[in-house]
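This report describes one protein chain, from its overall dimensions to selected residues. The sequence and model are shown first.

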Amino acid sequence: AMSSRSRRGPGYQCEFVGSVPEDLVCEVCKHVAREAHITSCCGKTVCEGCITPALEDQKQCPVCACKTASLYGSVSSSERRHSILSLEVLCTMKDRGCEWTGKLKDLEAHLDVNTGDCEYVDVECPNESCNERFQKYDLSSHLSYYCPKREHTCQFCGLKGSYSLVHSNHGPQCQSYPVPCPNACGEQSIARGSLSDHLLECSGGEVECEFSYAGCKVKLPRQGMETHMKDSARHHLSLLSAKIKAMKESQEERQKRNTATIQELQKHAQICSSHFSPSLQISRFADRRRAGGCWVSPPLVTHPGGYAFHIVVHLRGRKGSDGSHIAVSMDSLKGEFDTQLLWPAIATVTLQLLNQEVDQKHFSVIKRFTWPRPSKTTHVGFFSERLISHGELSEFNPDNQTRYLLNDIVYFRVKVEMD
């Protein structure tokens, strides 16, 4: 009988339970015969993979060296094959810990990585781009806890994607992620996207005294301002008295100063009636956008002696928006010739965001505005609260040959046609 531990060869490389009958062992490779044949010349058991090359290459029986064997070959033995496949074997993953034993014919199904029940075979992670290999019993925990490509959902905003994308890339930017108030007011779980709104009303935020316009320079956390107002009432009255005294200048003197200011404003204002104004440049766009404020154009006038106004670009959109687009509005300014103009003013205003690739295909918005006579800077209206997204602004469009943001600079121009 053959030893229970076989040697390597074309035959079955398995560890059998107990001894194997000699007539089931290949006479060539000394292993349990795979696809057992019986030689026609000497009646010995051989593997199909051992007898076939010998007859084709050597033209003789590999067991007894019979020359006529090449004429008669060997005969497949279904009986011996059945006996071999019924032998009891140990799992080939025994050294890894598998304790399975069964018939040889069932070994292949036991080891199948998809349908078999052996937990010790090597498998590959099914998630695309992971490529990790491990034993089958580790697959479940890998898919649940360790695979960087496993499906994952952000617990704060519900975004779905791979774990590496959601955790590493999205996490630091998630607008729903809870953050503590930087003013240490006690709020520990403010949605990142709502932090700026919270700071406007935060009890720990520093605010100016209500009498700052009168000269009070005190700045305190909002929660301490009420005490300051009570304790400084006399001081505030003194400041108000001085403020009122300073305001009691003669009407003639105030008019002189106002006229000089308006003349200086008109001198530097850009005229944009019927033709486009010179280009209005917004530089350091990325820094301005991060700061979240507005860019205000120099003073503009519709025509010599005409209506004064300026353009306001809201770099993160109108307050309360999601910050993905820029918004553009128009304000009316007090001008030197307001007393000679007709009010309310009605005009068609064209705003262009200039294409920096070629001098055409500029992004244009046309809006018809009606604005009242201003006593000071007066909001007229928006060209668009979502003029263009930051993505469209910065990306080059090869189909249209357009790019509006280049070298961190954006250019606008405006044209006014009065009714």
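## Overall fold

Among contacts in the chain between residues at least 6 apart in sequence, what percentage join residues at least 24 apart? The share is 44%. The model is predicted, and its chain contains 12 helices and 24 strands.

The radius of gyration is 44 Å, whereas a compact globule of 419 residues would have a value near 22 Å. Along the principal axes, the C-alpha atoms fill a box of roughly 135 × 60 × 30 Å.

## Surface and charge

Of the 419 residues, 35% are buried. The chain has an accessible surface of about 24,900 Å², and carbon and sulfur atoms account for 48% of that area.

Positive side chains number 49 and negative side chains also number 49. The centres of these two sets are 8 Å apart.

## Nonpolar cores

The largest nonpolar core consists of 33 residues, and Ile311, Phe383 and Phe412 have the most contacts inside it. Two or more residues each are given to this core by strand 16 (280–282), strand 19 (308–314), strand 20 (325–333), strand 21 (345–353), strand 22 (363–371), strand 23 (378–389) and strand 24 (410–418). Strand 21 provides the largest share, five residues.

With neighbours within four places in sequence left aside, phenylalanine 412 contacts Pro278, Ser279, Leu280 and Ile282, along with Val313, Ile326, Val328, Leu351, Gln352, Leu353 and Leu387. A second, separate core has 21 residues, including Phe16, Val20, Ala36 and Cys47.

## Histidine 228

Helix 8 (residues 225–231) contains histidine 228. Is histidine 228 buried or exposed? Histidine 228 is classed as buried because its relative accessible area is 10%, and the class requires a value under 20%.

Residues up to four places away in sequence not counted, histidine 228 touches Cys209, Cys216, Val218, Leu220 and His236.

## Backbone geometry

Most residues other than glycine have a negative phi, and most peptide bonds are trans.

Glutamate 35 has a positive phi of about 55 degrees and is not a glycine. It sits in the loop between strand 1 (15–16) and strand 2 (36–39). Its relative accessible area of 37% is why glutamate 35 counts as partly exposed. Lysine 59 likewise has a positive phi, near 60 degrees, and is placed in the loop between helix 1 (48–57) and helix 2 (69–72). Lysine 59 is partly exposed because its relative accessibility is 48%, and exposed would require over 50%.

The peptide bond from tryptophan 343 to proline 344 is cis, its omega being near -5 degrees. Proline 344 belongs to the loop between strand 20 and strand 21.

## Glutamine 360

Where is glutamine 360 found? Glutamine 360 is in the loop between strand 21 and strand 22. With a relative accessible area of 46%, glutamine 360 is partly exposed.

Glutamine 360 and glutamine 401 are separated by 41 residues in sequence, while their C-alpha atoms are 9.3 Å apart in space.

Definitions and conventions
Residues are numbered from 1 along each chain as its sequence is written. This is a predicted model: local features need pLDDT of at least 70, side-chain atom pairs count only at pLDDT 80 or more; totals for chains, interfaces and linings use all residues. Side-chain values use heavy atoms; hydrogens and water are left out. Helices (H or I, at least four residues) and strands (E, at least two) are DSSP runs, numbered from the N terminus. The radius of gyration is taken over C-alpha atoms; the globule rule is 2.2 Å times the number of residues to the power 0.38. Buried means under 20% relative accessible area, exposed over 50%, partly exposed in between (1.4 Å probe, protein chains only). Contact means heavy atoms within 4.5 Å. Accessible areas come from the Shrake-Rupley method with a 1.4 Å probe; for residues, only the protein chains shown count as cover. Lys and Arg count as positive and Asp and Glu as negative; His and the chain ends are not counted. The place of a charge is taken as NZ of Lys, CZ of Arg, CG of Asp or CD of Glu. A nonpolar core is a set of buried Ala, Val, Leu, Ile, Met, Phe, Trp, Tyr and Cys residues joined through side-chain atoms within 4.5 Å.
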